[in-house]
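Colleague: Could you walk me through the salt bridges in this one? I'd like to see the model first.

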Amino acid sequence: MALDKNQIAQRIAQELQHNTYVNLGIGIPTLVANYIPKGIDIEFQSENGVLGMGPFPFEGEEDPDMINAGKQTITTMPGAAIFDSATSFAMIRGQHVQLTVLGAMEVSENGDIANWKIPGKMVKGMGGAMDLVASADNIIVAMMHTNRSGESKILKQCTLPITGVNCIKKVVTNLAVLEVTKDGLKLLERAPGVSVEEIKNATEADLIIRGEIHEMRI
Amino acid sequence: MINKVVNTIDEAISGVESDMTFMVGGFGLSGIPENAIEALSKMDVFGLTCISNNAGVDDFGLGLLLKRKQIKKMISSYVGENAEFERQMLSGELEVDLIPQGSLAERCRAGGAGIPAFFTPAGFGTEVAEGKEVREYNGKPHILELALTADFAFVKAWKGDTAGNLIYKGTARNFNPLMAMAGKITVAEVEELVPVGELDPNQIHTPGIFVQRIFQGAKYEKRIEQRTVRTKE
């Protein structure tokens with residue numbers, strides 16, 4: 001069974017390191033916050049200017065002056081900090097934020113990512129994604145393996161305008177966990193009940209497959 | 001103390017002309033100068049260049065200026081929430097310069113801080129880097145980004161005093177302090193205007209030196225774009 005979006009988030013949550021600062025992008029990455037393993041302390045940064053982001057507010061307690069970068073109403077944790085956009089990107093560009101999790105329309109086998117523009121169709125802008133991928137030490141992409149027409153989003157080369165070059169470290173999809181290595185994309189794990197052959201067929205990029213590929217533990 | 005208070009909205013936006021460059025604070029609809037935007041949307045000024053992280057929504061914020069086609073060019077990082085914007089951009093009526101959010105913030109900060117340009121890794125190898133000087137520092141390529149300034153910067157704060165000192169609230173701070181520094185004329189609107197001496201100098205986010213005009217907004221709608229809540233268990 002391929003993973004659903006929540007299970008992708010659950011698998012990514014296993015990558016969280018104790019006592020780190022993490023930026024979660026819009027979409028599946030936001031769900032990662034629901035699955036922080038016990039004993040792991042994380043502070044979430046949102047690039048519009050908050051560190052120590054908490055859960056959504058209870059109904060009736062929403063504050064228009066307290067949102068995340070997805071413009072969703074949020075709360076803050078005890079010990080949170082608020083700052084301006086330049087300070088926020090000093091944290092990002094200065095590599096103080098240790099992990100970035102974000103979505104993608106396409107990734108390539110050398111670690112390029114495209115997630116901000118479909119020429120002539122969707123032109124929403126890059127927001128903070130280009131700053132994030134240019135600087136973060138560790139970048140994990142959360143995405144569906146294929147698009148709605150079943151075509152691979154994991155390519156030899158991105159076809160859409162890219163957001164960053166040679167920057168992503170891992171990709172977690174509904175089918176597999178992949179690692180970007182110097183030699184190319186390495187298949188690390190497969191979704192429960194999904195075969196290596198199925199993953200190969202759903203992937204346009206070449207995959208490095210060594211030894212037995214274990215199922216993810218969700 | 002130098003008194004920065006203007007008594008009417010007309011006084012606050014006097015001197016605004018067609019073809020000028022504006023900075024407008026806010027992130028999404030949070031912390032936008034609602035009163036100044038509304039007043040500008042009723043003026044006959046056109047051909048504006050607008051520097052703002054976002055472009056409002058169709059019927060609120062900068063969407064009001066877009067609807068009347070007052071804006072010639074937008075300099076933003078994310079414009080996803082505005083259908084009219086997308087239509088004008090795709091049809092070529094509106095010129096759009098999309099730049100990475102951190103570069104946008106730093107370009108405003110640099111503009112206000114007297115730094116003409118800086119190198120950043122953001123955008124290297126992408127469309128954003130086209131035509132820009134590239135230099136390698138610490139083994140990593142960086143692109144040259146230029147500072148931004150504006151004829152007017154419109155910002156919004158929570159509290160301000162008559163000397164123009166500002167305190168923001170929550171994530172409504174965002175681009176406001178940076179743009180306040182980068183405007184030739186910075187117009188600050190606040191929810192509560194207080195006499196000098198009432199704000200703790202230790203808590204000031206934007207010192208009054210960056211603000212030329214200040215007024216208390218007549219009303220604040222403070223619209224929420226994505227209302228997300230959890231239910232009590």
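**Salt bridges in the model**

Modeller: B:Arg109 comes out as partly exposed, with a relative accessible area of 27%, because that term covers everything between buried (under 20%) and exposed (over 50%), using a 1.4 Å probe and protein chains only. This is a predicted model, where local features need pLDDT of at least 70, side-chain atom pairs count only at pLDDT 80 or more, and totals for chains, interfaces and linings use all residues. Residues are numbered from 1 along each chain as written, chains are lettered from A and ligands numbered from 1 in written order, and side-chain values use heavy atoms, without hydrogens and water.

Colleague: Which residue forms a salt bridge with B:Arg109?

Modeller: A salt bridge here is a side-chain nitrogen of Lys or Arg within 4 Å of a carboxyl oxygen of Asp or Glu. With the closest N and O atoms 3.1 Å apart, the partner is B:Glu106.

Colleague: Is B:Glu106 buried or exposed?

Modeller: The relative accessibility of B:Glu106 is 14%. That is under the 20% cut-off, so B:Glu106 counts as buried.

Colleague: What is the N to O distance between A:Lys117 and B:Glu127?

Modeller: Their side chains meet in a salt bridge. This pair crosses between chains, from strand β8 of chain A to the loop between β5 and β6 of chain B. A:Lys117 counts as buried at 17% relative accessibility, while B:Glu127 is partly exposed at 32%. The N to O distance is 3.0 Å.

Methods:
Helix = DSSP H or I, 4+ residues; strand = E, 2+ residues; numbered from the N terminus.
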